[in-house]
Amino acid sequence: MGFGGTEPSASLERLCDGPHDVYADACGPAHASFKKGCQWHLVLDNGSVNYRSLGRTGYQVSEISFGAWAIGGAWGTVDDAESMSALHQAVDSGINFIDTADVYGMGRSERLIAQLKRDRKEEIVVATKAGRRLSPHTVEGYNEANLTAFIEDSLRNLEVDCLDLVQLHCPPTAVYYRPEVFGVLDRLVEAGKLRNYGVSVEKVEEALKAIEFPNVKTVQIIFNCFRLRPSQLFFEQALRKNIGILARVPLASGLLTGKINAESQFEDGDHRKFNRQGERFDQGETFSGVDFETALAAVEELRSLVPSGVSMAQFALRWILMHPAVSCAIPGGKRPSQVKDNCAASELPPLTDSAMAAITKLYDERIRPLVHQRW
Ligand SMILES: NC(=O)c1ccc[n+]([C@@H]2O[C@H](COP(=O)([O-])OP(=O)(O)OC[C@H]3O[C@@H](n4cnc5c(N)ncnc54)[C@H](OP(=O)(O)O)[C@@H]3O)[C@@H](O)[C@H]2O)c1
């Protein structure tokens, strides 16, 4: 499968050499009549996501990018063909930045992205992460030998000589007080193994500490309508230092799409079943750390603010994009339709002042007491 290289905003024709059974969704409705032996097809729904600077990395990244955790694992059953289709849809929609980690399906997510990069000519920037393969996950584990080995594995999985961006993967807080860890990353940059590094953090305090290290160029942090605290001191400091910010868990694990209700069932292998109380990893990563019933009630209130013709997912993502400190939101997507829906957020007009104020009020009244002091 290969597509001719076109700009993300191209809307006319695109070279397409099939087979298309797996990628039918990515090829869009216009493709159907050309299905057999086609070389060209109309791209009716090519997205036009906007781009923002990723801090000092020099990359201009799609403000809606792609979170590749779910296609690796821990979200119930996933099908690689459908995941590839979702990835192709991402590129068709103009996404040029993908967030993954070595630990997502133990290389599965990284290998699918390598496959995508083989299939497509567009430039795709990949951010991966290292550290979570440590077992036990200790401060001492963040040493030169381990980090180098993790990086080598990611290079192999992603089939590249040099990684675009490596993020420490939510290390214990004490790691941010060990300059030697960042020294290891500096040496890996010097050795040509990675171009840039950053951190993925759980807490605002960790983010503030991390950006004291001069070569930390990006911070990935949970930021969504149910997690407002990063927008205060941290965003202010990050703007001052020109730090790239990846807003993760932007849909609160799907809650902010409005599709989850009290009857929703999750598979055993889905963290929305096995990690609700933080049994396996930080509780904040699952439903953004908000108690399920409280979150559902808040989602109902949020629903009344969503303009007609806009999905709640788009509305929640557009809210994130209202914050200029954010470089991109990285919604997870397992299916092309989800990716397409999410990308459309980039084309929406700004939210009104009254909608912004209503979301803050909702947060202050229902969510803040549960999460604000924790992360
Ligand atoms: N520690 C870390 O560094 C860390 C932790 C968490 C996440 N992340 C990164 O952040 C990314 C995003 O966070 P996340 O995946 O946890 O959560 P999320 O983006 O808040 O939610 C993603 C889930 O919501 C559902 N969804 C997405 N778009 C949808 C749409 N338009 N309509 C309906 N449902 C939709 C999908 O699940 P279903 O279809 O199954 O409902 C999807 O897997 C991850 O993929 C990963 O790259 C990093």
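Which residue is the bridge partner of V199 in β10? The views below lead to it, beginning with the whole chain.

**View 1. The whole chain is shown as a predicted model.** Residues are numbered from 1 along each chain as its sequence is written. In this predicted model, local features need pLDDT of at least 70 and side-chain atom pairs count only at pLDDT 80 or more, while totals for chains, interfaces and linings use all residues. Here pLDDT is the predictor's confidence in each residue, from 0 to 100. Its mean over the chain is 89, and 87% of the residues reach 70 or more. Residues 1-45 have pLDDT below 50, and beyond near neighbours in sequence this stretch has 66 contacts in the model. Where pLDDT is low, the predicted coordinates should not be read in detail. The chain has 12 helices and 12 strands; helices (H or I, at least four residues) and strands (E, at least two) are DSSP runs, numbered from the N terminus. Of its 375 residues, 49% are buried. Buried means that 20 or more other C-beta atoms lie within 10 Å of a residue's own, exposed means 12 or fewer, and partly exposed is in between, with C-beta atoms placed from the backbone.

**View 2. Eight strands form an open sheet with parallel pairing.** Two strands pair if DSSP finds at least two bridges between them. The order is β5-β6-β7-β8-β9-β10-β11-β12. β5 (66-67) and β12 stand at the edges with a single partner strand each, so one side of each is left without a neighbour in the sheet. Strands β6 (residues 97-99) and β7 (residues 125-130) run parallel and are joined by three bridges, with F97 opposite V125 in β7.

**View 3. Strand β10 (residues 216-222) is largely enclosed by the rest of the structure, because seven of its seven residues are buried.** Four bridges join β10 to strand β9 (residues 194-200), and the two run parallel. Here is the partner we were looking for: V199 is bridged to V219 in β10. V219 is also among the residues with the most contacts inside the largest nonpolar core.

**View 4. The largest nonpolar core has 101 residues.** Such a core is a set of buried Ala, Val, Leu, Ile, Met, Phe, Trp, Tyr and Cys residues joined through C-beta atoms within 7 Å. Helix α10 (residues 312-321) gives the largest share, eight residues. In α10, 10 of its 10 residues are buried, including F315 and W319. These buried residues pack against β11 (244-248), α9 (292-303), β12 (328-329), α11 (336-343) and α12 (353-371).

**View 5. The ligand is surrounded by 30 residues.** The closest are G67, W69, L251, G254 and G332. A residue is near a molecule if its C-beta atom, placed from the backbone, lies within 6 Å of it. α11 gives the most to this shell, with three residues.

**View 6. E212 sits in the loop between α6 (204-210) and β10.** E212 counts as exposed because it has 12 C-beta neighbours inside 10 Å. The C-alpha atoms of E212 and Y176 are separated by 9.3 Å, although these residues are 36 residues apart along the chain.

Notes. Two residues are in contact if their C-beta atoms, placed from the backbone, lie within 7 Å.
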